[in-house]
Amino acid sequence: MLIFCLSVKNLDGYGQIRWFSVVLIEITGRMDATRGQNGIQLLLAAEQEAQHIVNAARNAKIARLKQAKEGAEKDITEFRAHVEAEFQRKVAESSGDSGANVKRLEQETEAKIHHLKIEAARISHDVVHMLLKHVTTVKN
């Protein structure tokens with residue numbers, strides 16, 4: 001009785017491990033040399049096929065990882081471009097507003113200065129009389 005067993009670990013596309021087992025069982029009272037050679041050839045063929053399956057799974061996994069990396073890099077590039085464009089737009093808006101704000105503040109300042117000059121001119125005569133009165137009045 002001869003039992004040949006081959007187990008091959010295979011990583012499928014999702015990183016999970018699969019086990020492929022090839023079991024050749026031959027139970028005979030007597031085996032001649034040709035059947036033994038045939039069994040060995042079958043075992044070698046099964047081993048080669050299992051190796052091809054493992055290599056194909058590994059290559060498929062590498063290809064998917066490469067594709068995922070390229071997709072992620074593309075998404076990152078697009079996101080960076082979008083964020084940069086949004087930033088440039090906001091900078092342009094704020095710098096445009098800054099010029100308008102400066103102009104508005106200058107106008108408000110000029111209006112307040114003008115208002116203060118008018119008020120000062122209006123009450124300056126009364127202030128001068130009040131100061132002269134206090135300076136010239138003698139208290140005992």
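This is a predicted model: local features need pLDDT of at least 70, side-chain atom pairs count only at pLDDT 80 or more; totals for chains, interfaces and linings use all residues.
User: What makes up the secondary structure of the protein, and in which order do the elements run?

Analyst: The secondary structure comes to one helix and two strands, and from the N terminus on the elements run β-β-α. Helix α1 covers residues 33-136.

User: Why is the contact between arginine 89 and glutamate 86 called a salt bridge?

Analyst: A side-chain nitrogen of Arg has to lie within 4 Å of a carboxyl oxygen of Glu, and for arginine 89 and glutamate 86 the N to O value is 2.3 Å, so the pair counts as a salt bridge. As for their placement, arginine 89 and glutamate 86 are three residues apart in helix α1 and therefore separated by about one helical turn.

User: How do you know whether glutamate 108 and arginine 104 form a salt bridge?

Analyst: The closest N and O atoms of glutamate 108 and arginine 104 are 2.9 Å apart, and the cut-off is 4 Å, so this pair is a salt bridge as well.

User: Why is arginine 122 called exposed, while glutamate 119 is called partly exposed?

Analyst: Exposed means over 50% relative accessible area and buried means under 20%, with partly exposed in between. Arginine 122 has 55% and therefore counts as exposed, whereas glutamate 119, at 29%, falls in between and so counts as partly exposed. Arginine 122 and glutamate 119 also form a salt bridge, with the closest N and O atoms 2.7 Å apart.

User: Which residues make the nonpolar surface patch of about 340 Å²?

Analyst: That patch is made by Ile123, Val127, Met130 and Leu131, and leucine 131 lies in helix α1.

Note on methods: Residues are numbered from 1 along each chain as its sequence is written. Side-chain values use heavy atoms; hydrogens and water are left out. Helices (H or I, at least four residues) and strands (E, at least two) are DSSP runs, numbered from the N terminus. Patches are made of residues with over 30% relative accessible area and no salt bridge: like charges are joined within 9 Å, nonpolar side chains (Val, Leu, Ile, Met, Phe, Trp, Tyr) within 5 Å. Accessible areas come from the Shrake-Rupley method with a 1.4 Å probe; for residues, only the protein chains shown count as cover. Buried means under 20% relative accessible area, exposed over 50%, partly exposed in between (1.4 Å probe, protein chains only).
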